[in-house]
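Keep the model open as you read.

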Amino acid sequence: DGVTRNTLISAAVNAEEFELAEKILENDAQYTTTTNSSALIEAYTSLIDGFGKRGKLDEVERVLGMMVERGIKPNEITYTCMIGHLAANGKITEADAMMALMRRELPRSVKSVIPFNAYLTGLLSDLEGRSASQTSDVLQRDIINVRVDQALEVLERMMNKNKVNPNLVTVALMCDALCRKAIPARTASAAALIEYLESRGSIPRRDQKLYTILITGYGREGQLDKIQSAWSKMKRRDTIAFNAYLNAIGNAIESYSNYEVQPGTPNVTIKNIMEEYVLQSNATAELTISPDVVTFSTAITYIRSANNSRDLVKSARVLRDVQE
């Protein structure tokens with residue numbers, strides 16, 4: 001039956017036995033009269049996804065052609081899968097063409113955010129890995145920044161031309177690209193995007209994940225005041241958010257010539273933050289912070305770099321207690 005067939009195909013694809021997966025589909029085609037069941041479409045989509053994850057785009061297109069020849073109509077998941085893999089492999093023209101084809105064939109998908117999220121995910125996937133083969137830092141930077149710019153263009157078309165509202169997934173993808181991947185970071189652009197969409201009601205205000213990403217970006221830029229401002233605005237805080245905050249503060253402090261902060265710079269140290277936000281409660285936001293190994297490892301790293309031996313010993317003792 002369909003469930004057995006799809007289970008076998010999934011197992012074959014995961015094992016990279018693509019020839020076996022196709023034989024199962026060919027055998028199934030001889031005995032199946034229903035060509036547009038969701039289970040059958042899922043089977044072909046699974047094969048397309050398997051080829052796409054391994055960068056075999058010619059095979060992806062061939063399987064799509066096979067579907068059409070057998071009278072099996074791709075659904076939104078099939079098209080979304082193809083769009084993501086084309087974008088991930090830098091086939092921007094082809095990804096745009098596939099998006100246009102999907103919108104013609106599936107009018108209901110016109111206002112769907114899912115294909116755009118797949119497009120952005122593909123564009124922004126493994127940027128560090130794709131640029132790692134370049135020996136020049138300039139070339140690595142350019143590869144990453146070109147992809148980020150392309151993602152911004154997709155977002156602009158999505159919102160202004162196609163009138164599709166981004167969701168939290170969309171915004172998190174873009175903010176991550178702007179704050180964590182772009183060289184240098186473009187945190188102001190990410191903050192402006194969040195502020196605009198918050199004002200429209202497209203995303204919830206002061207979302208923990210988005211503001212954690214902003215904090216990371218401000219840390220890369222050495223903007224202590226904006227790190228603290230974003231932290232204070234965050235609606236909810238947990239240990240993951242706090243660890244990002246601690247790391248950002250450490251990065252920002254290291255960007256100054258000395259550990260002692262310069263005149264006009266917010267008076268903040270890793271030790272002060274540990275005491276204020278871990279050991280005390282905060283009335284402006286819901287705190288669910290329980291320091292973990294990452295928390296104290298981060299603190300120790302920056303305290304060590306500051307050559308502050310007394311604070312280092314104190315943090316090491318607390319870390320030992322946490323581990324025990």
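Which residues form one aromatic cluster? They are W231, F242 and Y245. Before going further, note that this is a predicted model: local features need pLDDT of at least 70, side-chain atom pairs count only at pLDDT 80 or more, and totals for chains, interfaces and linings use all residues. Residues are numbered from 1 along each chain as its sequence is written, and side-chain values use heavy atoms, with hydrogens and water left out.

Start with the whole chain. Its secondary structure comes to 17 helices and two strands. Here helices (H or I, at least four residues) and strands (E, at least two) are DSSP runs, numbered from the N terminus. Of the 324 residues, 44% are buried. Buried means under 20% relative accessible area, exposed over 50%, and partly exposed in between, with a 1.4 Å probe and protein chains only. The accessible surface is about 16700 Å², and carbon and sulfur atoms hold 50% of that surface. These areas come from the Shrake-Rupley method with a 1.4 Å probe; for residues, only the protein chains shown count as cover. Take the contacts between residues at least 6 apart in sequence: 65% of them join residues at least 24 apart. A contact means heavy atoms within 4.5 Å.

Now the rings. The whole structure holds four aromatic pairs. Rings of Phe, Tyr and Trp (its six-membered ring) pair if their centres lie within 6.5 Å; planes under 30 degrees apart count as stacked, over 60 as edge-to-face and the rest as tilted. The F18 and F51 rings have centres 4.3 Å apart and planes at 25°, so this pair is stacked. It links distant parts of the chain: F18 sits in helix α2 (residues 18–31), F51 in helix α3 (residues 38–53), and 33 residues separate them. F18 counts as buried because its relative accessibility is 7%. F51 is buried too, at 3%. The F242 and Y245 rings have centres 6.3 Å apart and planes at 50°, so they are tilted. Both residues lie in helix α14, three residues apart, about one turn of the helix. F242 and Y245 are both buried.

Helix α14 (residues 239–254) also holds I249. With 0% relative accessibility, I249 counts as buried. Its C-alpha lies 7.2 Å from that of I227, 22 residues away in sequence.

Turn to helix α4 (residues 57–69). Why does its length agree with expectation? At 1.5 Å a residue, its 13 residues should span 18 Å, and the end C-alpha atoms are 18 Å apart. The expected span is 1.5 Å times one less than the number of residues. In α4, L57, V60, V63, L64, M66 and M67 are buried. G71 follows the helix, with a positive phi near 75°.

Next comes D176, in helix α10 (residues 168–181). At 16% relative accessibility, D176 counts as buried. Neighbours within four places in sequence aside, D176 contacts K181 and I213.

Finish with the backbone. Most residues other than glycine have a negative phi, and most peptide bonds are trans. E16 has a positive phi of about 60° although it is not a glycine. E16 lies in the loop between α1 (2–14) and α2, and counts as partly exposed at 47% relative accessibility. D126, also not a glycine, has a positive phi near 50°. Its place is the loop between α7 (114–124) and α8 (127–131). I183 and P184 are joined by a cis peptide bond, with omega about -5°. P184 lies in the loop between α10 and α11 (187–200).
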